[in-house]
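Try each task before you read its solution.

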Amino acid sequence: MSSAPVTSGTALQAFAAELYPICRSITGAGVRKTLRLINNRIALDWHEVPSGTKVLDWEVPLEWNIEDAWVSDADGRRVVDFNAHNLHILSYSEPVRAVLSLAELKPRLHSMPAHEDWIPYRTSYYRRQWGFCMRHREMAQLLPGKYEVVVDSSLAPGSLTYAECVLPGRTRDEVLFFTHICHPSLANDNTSGMAIATALAAWIAGAPRRYSYRLVFAPGTIGSLCWLQRNQQRLGRIRHGLVLGLLADPAPFTYKRSRRGDCEIDHLVEYVTHAIDPQTRVIPFEPYGYDERQLCSPGFNLPVGRLTRSVNDGYAEYHSSADNLALISAGRLEQSLEACKRVVEVLESNRRYINLAPKGEPRLGKRGLYGAVGGRSPADRERAMLWVLNQSDGSASLLDIAQRSGLGFPAISLAADELEKARLLRAADHTGPARNAAASAPRKLPPSQSRKKAQVRSTRRKRPDLRSTRRGK
Amino acid sequence: MSSAPVTSGTALQAFAAELYPICRSITGAGVRKTLRLINNRIALDWHEVPSGTKVLDWEVPLEWNIEDAWVSDADGRRVVDFNAHNLHILSYSEPVRAVLSLAELKPRLHSMPAHEDWIPYRTSYYRRQWGFCMRHREMAQLLPGKYEVVVDSSLAPGSLTYAECVLPGRTRDEVLFFTHICHPSLANDNTSGMAIATALAAWIAGAPRRYSYRLVFAPGTIGSLCWLQRNQQRLGRIRHGLVLGLLADPAPFTYKRSRRGDCEIDHLVEYVTHAIDPQTRVIPFEPYGYDERQLCSPGFNLPVGRLTRSVNDGYAEYHSSADNLALISAGRLEQSLEACKRVVEVLESNRRYINLAPKGEPRLGKRGLYGAVGGRSPADRERAMLWVLNQSDGSASLLDIAQRSGLGFPAISLAADELEKARLLRAADHTGPARNAAASAPRKLPPSQSRKKAQVRSTRRKRPDLRSTRRGK
Amino acid sequence: MSSAPVTSGTALQAFAAELYPICRSITGAGVRKTLRLINNRIALDWHEVPSGTKVLDWEVPLEWNIEDAWVSDADGRRVVDFNAHNLHILSYSEPVRAVLSLAELKPRLHSMPAHEDWIPYRTSYYRRQWGFCMRHREMAQLLPGKYEVVVDSSLAPGSLTYAECVLPGRTRDEVLFFTHICHPSLANDNTSGMAIATALAAWIAGAPRRYSYRLVFAPGTIGSLCWLQRNQQRLGRIRHGLVLGLLADPAPFTYKRSRRGDCEIDHLVEYVTHAIDPQTRVIPFEPYGYDERQLCSPGFNLPVGRLTRSVNDGYAEYHSSADNLALISAGRLEQSLEACKRVVEVLESNRRYINLAPKGEPRLGKRGLYGAVGGRSPADRERAMLWVLNQSDGSASLLDIAQRSGLGFPAISLAADELEKARLLRAADHTGPARNAAASAPRKLPPSQSRKKAQVRSTRRKRPDLRSTRRGK
């Protein structure tokens with residue numbers, strides 16, 4: 001996958017900054033604007049699910065849009081103003097226009113007493129109400145008196161929007177990436193996830209691949225439930241998955257295991273992230289967080305883990321106005337994208353093989369795979385070949401072998417390449433050689449997917465990728 | 001089970017003191033007197049197994065009773081006197097009346113050189129002999145000369161006695177408690193076990209229950225073998241079991257695992273005792289100790305662990321006159337009973353459930369189970385519900401979920417209650433709701449068991465429980 | 001096996017010294033001379049595999065023999081002389097007679113820069129070339145000029161030689177010992193292995209036994225491949241195996257697990273060697289080393305571990321002239337042999353049993369197996385019997401029980417003996433009583449094996465064993 005575009009941290013940060021000001025929620029114009037920005041970079045399949053649609057145990061809510069909102073005092077001074085910050089409005093606030101005393105107003109106001117200068121992020125998607133979020137310091141200064149309250153919002157039949165970038169590979173086995181797109185003006189949570197998932201899709205699209213990839217951009221919870229409901233028949237194709245989010249704060253990586261706890265994706269992401277940063281934390285599954293809550297519910301139980309830096313509710317600025325562009329950095333965005341790319345690379349290469357000469361060691365020397373003078377210890381290249389041959393009974397993956405041998409995945413993967421070329425190995429999964437097999441890919445794809453793939457490619461030709469964007473500056 | 005009587009440590013200690021002076025052995029009047037005292041508190045089913053009965057590889061021995069026994073010197077002074085302490089006689093000593101030199105007498109005398117002032121406890125159930133146990137200091141002072149020896153005992157056809165308290169529940173699945181009743185004048189070993197098993201039975205009888213309970217009071221080894229032989233056809237009903245003994249010495253709890261090593265009872269007692277005292281020790285199964293030796297022999301291999309404080313032979317006073325009422329305390333008796341009650345409570349509640357809305361999370365908010373304003377982290381109550389829903393695929397018990405989540409069994413159990421009421425869960429074991437189901441119990445019991453249950457209840461009405469006893473003082 | 005000959009470390013060292021000067025390679029006269037010396041001590045079945053024979057993925061090479069070889073300078077002085085040390089010649093060097101400049105000669109010379117005074121051991125079995133190995137210090141002193149090079153060797157059709165000592169037991173289940181015999185003038189690697197395997201065979205031959213034993217003496221790699229190819233139909237009989245080598249250097253034991261990693265041989269050798277030396281290291285399988293590479297290749301995957309002291313390439317003197325007789329010691333040879341004997345003893349005794357009175361404990365007292373006075377803790381002998389009875393459901397081996405109980409294999413094995421005699425146990429594997437069953441052995445052996453066994457015995461009568469050899473000095 002070396003021919004794919006390089007995306008710098010600066011480009012990722014620029015895209016995050018572009019996404020940051022949009023007032024997103026689980027439905028409405030903000031989500032669509034966000035997806036259009038993403039669609040400028042990668043080809044998206046767009047989905048609208050009408051309000052009222054039954055989705056598993058849930059129902060798609062009315063669509064919420066907002067024009068303006070404020071609280072003004074007796075002097076007409078706006079003491080809370082939606083125009084100043086998206087977080088000032090309780091997300092999904094119903095429209096209101098009223099005059100209230102301070103005592104009547106207070107129960108509608110949300111603040112963070114522990115951080116007096118931060119505006120909290122609060123929502124009320126399913127209980128109809130209105131409210132404002134504000135700095136605790138400012139709330140404490142409100143004087144008794146009359147206040148005018150205006151929420152110029154609408155809650156009306158419409159639809160929930162999500163989109164996915166589908167990148168067919170040589171097989172129909174899928175790798176799923178999932179990121180939430182419903183948070184307004186929170187930088188780490190989750191402009192970082194959206195920027196990285198977008199760049200990752202562009203990078204994956206740039207090279208032939210064994211797996212098909214599906215990158216879903218959806219509102220949290222109700223969005224993933226919509227996706228799950230609509231894709232129930234095809235979930236069996238998902239071999240590995242990763243929820244992405246919170247990928248630019250200063251914390252080291254946190255990998256949260258799938259509910260199953262010992263999937264290939266679990267071992268693989270642990271391996272890749274530890275190789276990049278030994279401080280990576282690995283935590284067991286728990287049923288809160290992001291869309292792994294839905295993807296790993298017992299009725300689906302998909303092999304899906306989650307990659308973040310901090311965890312939800314795990315940093316002071318979480319769900320507040322302090323989760324802003326100053327909290328995130330180009331370097332960390334780039335490192336996070338690098339981790340995702342490495343995950344893809346190792347997934348692509350992490351085959352199981354059958355040793356075709358399993359009785360004794362095959363004679364490597366006559367195939368030019370072994371040093372000519374014996375008596376010395378084998379070099380790492382030869383050790384890697386011996387490991388791959390010895391372990392390749394179809395049960396151990398190359399990553400398993402890398403970890404048992406301590407020789408590292410690149411050395412083991414290279415050895416498998418050489419042995420496969422020497423016809424000493426064959427892949428146990430019958431999907432053709434692991435690499436350089438782009439030519440055979442079209443044969444394996446059904447027509448509709450082939451067309452989609454072509455579309456992706458033309459998309460990439462027609463549209464600027466992140467690197468181009470950066471250069472254009 | 002909140003309506004059941006509270007038994008204080010003082011009451012437990014008073015009952016232990018009542019049991020302490022009785023000269024028990026594996027057969028005879030002492031055992032029957034002991035069981036009558038227990039039967040004053042709880043309704044017992046009484047079993048007599050005649051001498052000579054073949055019991056698995058064993059045979060019920062002749063019944064042993066003793067009136068008096070002594071060794072007197074040439075001056076007629078009793079240098080060893082059974083009336084002074086039950087332990088002075090080698091248990092199961094055959095009758096004798098003889099005059100011996102000190103040299104002839106010595107081989108018949110047992111002492112503890114390391115503890116000169118303690119009388120050891122020794123037995124000879126199956127090899128016919130006689131002997132005395134005495135303080136080493138006194139034995140060392142015996143002067144050469146003639147000694148008169150009298151053992152006024154009888155070994156005659158009779159029977160072995162054991163009893164059980166059977167408390168039927170809504171299902172025929174049984175929980176077994178087992179305690180040995182054959183030791184004379186040893187306080188920790190085992191008036192503590194008898195007092196606690198008695199109070200536990202009274203407490204269990206006071207509330208409706210899912211499981212049936214069977215508390216067996218039997219002489220060690222031959223008594224449990226009799227019980228096993230007579231109950232072979234029904235052993236399959238035993239879901240969990242616990243041998244009780246040595247529950248009042250100063251050591252923290254010791255839980256000895258079942259032979260299987262990973263039964264529900266193993267995890268559960270470990271959890272409960274650690275919650276009460278973090279110093280609790282857990283030890284693997286080994287084939288000596290109390291009646292777990294028989295219950296966990298390979299031909300039965302029951303899911304039975306053992307709860308003690310010190311272990312057999314694990315404290316200096318073990319099997320000596322120093323294991324007296326001063327060694328045990330009301331506080332430790334009460335704490336031990338508390339642990340047993342908690343085991344019962346957790347067993348009763350430790351169901352496995354099926355999530356009835358397993359695809360994605362069900363919408364808790366519309367059922368009133370979730371806070372109205374989102375964006376904040378879920379409170380513990382909500383976390384507990386998410387954990388129960390996520391894990392309830394029929395394989396994980398509530399205790400498993402409590403341990404995985406770190407949220408504690410009470411929180412998890414309460415969440416399961418709420419979710420079951422909201423029809424989001426059903427028990428995986430089809431025995432009806434876990435709680436509040438007393439009304440349906442009679443339907444499920446066969447007539448004979450229903451009668452027994454009624455008997456237990458009337459018993460409890462007619463007879464004073466331990467609390468009443470205490471108050472009466 | 002107490003009647004078998006005792007072999008002292010001194011005798012082992014004397015035999016190693018006898019083997020040391022021989023110029024061995026993977027074929028040729030040195031191998032045959034080595035096997036004749038071994039055959040003087042134990043009866044060997046001799047195998048010659050002709051050059052050109054296809055062996056799995058390999059082919060038996062031409063036979064190599066060497067008469068003389070040297071490099072002489074312009075003055076006719078031999079600067080490298082095969083007569084001075086076998087290691088001076090690159091093993092399998094083709095014949096050559098030429099005059100070269102120093103520059104032309106240099107690529108043919110091998111040295112060890114890190115150890116200037118040691119001659120390295122190098123080979124070129126499968127790439128036809130010639131070369132010399134020499135001290136780095138001497139190589140550095142070579143002056144420019146002309147050098148005469150002579151290698152008076154032959155590479156001609158012949159055969160590869162290996163041999164095995166087959167010692168039939170009461171069953172056809174086999175224990176395999178494997179040692180490499182292809183190294184010239186390297187003392188630890190592997191005169192130590194050859195001396196110990198020879199003495200071990202003599203010792204095993206001296207007593208009746210449950211298993212059949214097969215001790216293979218073969219050139220490394222191609223020799224074990226020949227053996228594997230020729231024995232493919234009988235590999236299923238191999239229940240346990242051990243590769244032996246490097247058994248006399250100063251390091252403590254290293255046990256390398258089988259590829260399967262949890263075979264009986266793995267647990268057993270770990271137990272035995274730790275009991276002899278707590279500093280024993282246990283390492284996981286890896287696919288380089290000695291003939292476990294072939295025996296544990298995925299197509300065979302035999303239950304074979306490896307016992308050495310240092311590991312291959314694990315000591316400074318490895319594959320150099322410093323691996324000489326001064327590196328090895330009589331004491332370590334004797335201790336290594338002792339470990340091998342203990343492995344055999346524990347293998348012979350390590351049965352699985354069925355408790356014939358599995359319901360409850362059988363009454364040991366009436367069978368004379370238990371102390372007469374109760375109340376005291378059971379002595380170790382009684383504990384061992386309780387452990388064996390409790391665990392003997394056919395799944396646990398005596399070694400498993402020894403390790404669970406902490407009581408040691410001898411105590412557990414003795415308890416099993418006593419219980420088997422008391423008819424409380426029977427072996428789970430239906431091969432008759434574990435011990436003292438020599439009388440029944442001939443019945444179980446097919447005629448050909450019986451003859452072989454007779455041959456072994458007569459061999460042992462006719463030939464001196466190692467002890468006799470030693471006495472003869």
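**Exercise 1. How many salt bridges are counted between chain A and chain B?**

Step 1. The count between chain A and chain B is 4 salt bridges, a salt bridge being a side-chain nitrogen of Lys or Arg within 4 Å of a carboxyl oxygen of Asp or Glu.

Step 2. Asp57(A) pairs in this way with Lys366(B), with 3.7 Å between the closest N and O atoms.

Step 3. On the side of chain A that touches chain B there are 13 nonpolar, 9 polar and 7 charged residues. Here Ala, Val, Leu, Ile, Met, Phe, Trp, Tyr, Cys and Pro count as nonpolar, Asp, Glu, Lys and Arg as charged, and the others, Gly among them, as polar.

Before you go on, a word on conventions: this is a predicted model, in which local features need pLDDT of at least 70 and side-chain atom pairs count only at pLDDT 80 or more, while totals for chains, interfaces and linings use all residues. Residues are numbered from 1 along each chain as its sequence is written, chains are lettered from A and ligands numbered from 1 in the order in which they are written, and side-chain values use heavy atoms, with hydrogens and water left out.

**Exercise 2. Describe the area buried between chain A and chain B.**

Step 1. Begin with the residues: 29 from chain A are in contact (heavy atoms within 4.5 Å) with 24 from chain B.

Step 2. The buried area is about 2,400 Å², and carbon and sulfur atoms give 49% of it. Buried area is the accessible area (1.4 Å probe) that two parts lose on being put together, summed over both.

Step 3. Asp57(A), Pro287(A) and Tyr288(A) supply 27% of the area that chain A buries against chain B, more than any other three residues.

Step 4. Across this interface there are also 15 residue pairs in polar contact, both residues being at pLDDT 80 or more. A polar contact is a pair of N or O atoms within 3.5 Å; within protein, one must be able to donate a hydrogen and the other to accept it, and residues adjacent in sequence count only if both atoms are side-chain atoms.

**Exercise 3. Which parts of chain A does the salt bridge between Glu164(A) and Arg214(A) tie together?**

Step 1. The two side chains meet at 3.2 Å, N to O.

Step 2. Glu164(A) lies in strand S10 (residues 159-167) and Arg214(A) in strand S12 (residues 212-218), so the pair ties together parts of chain A that are 50 residues apart in sequence. Strands (E, at least two residues) and helices (H or I, at least four) are DSSP runs, numbered from the N terminus.

Step 3. Check the burial: Glu164(A) has a relative accessible area of 4% and is buried, and Arg214(A) is buried at 6%. Buried means under 20% relative accessible area, exposed over 50%, and partly exposed in between (1.4 Å probe, protein chains only).

**Exercise 4. Is Glu361(C) buried or exposed, and which residue does it pair with?**

Step 1. Glu361(C) forms a salt bridge with Arg293(B), and the closest N and O atoms are 2.5 Å apart.

Step 2. This pair crosses between chains: Glu361(C) is in the loop between strand S17 (352-355) and helix H10 (380-391) of chain C, and Arg293(B) is in helix H8 (residues 292-295) of chain B.

Step 3. Both Glu361(C) and Arg293(B) are buried.

**Exercise 5. Where does Thr308(B) sit, and what lies 2.8 Å from its side chain?**

Step 1. Thr308(B) is in strand S16 (residues 304-308) of chain B and is buried, with a relative accessible area of 1%.

Step 2. A polar atom of its side chain lies 2.8 Å from the backbone oxygen of Ser310(B).

Step 3. Leaving aside neighbours within four places in sequence, Thr308(B) touches residues including Gly245(B), Pro252(B) and Phe253(B).
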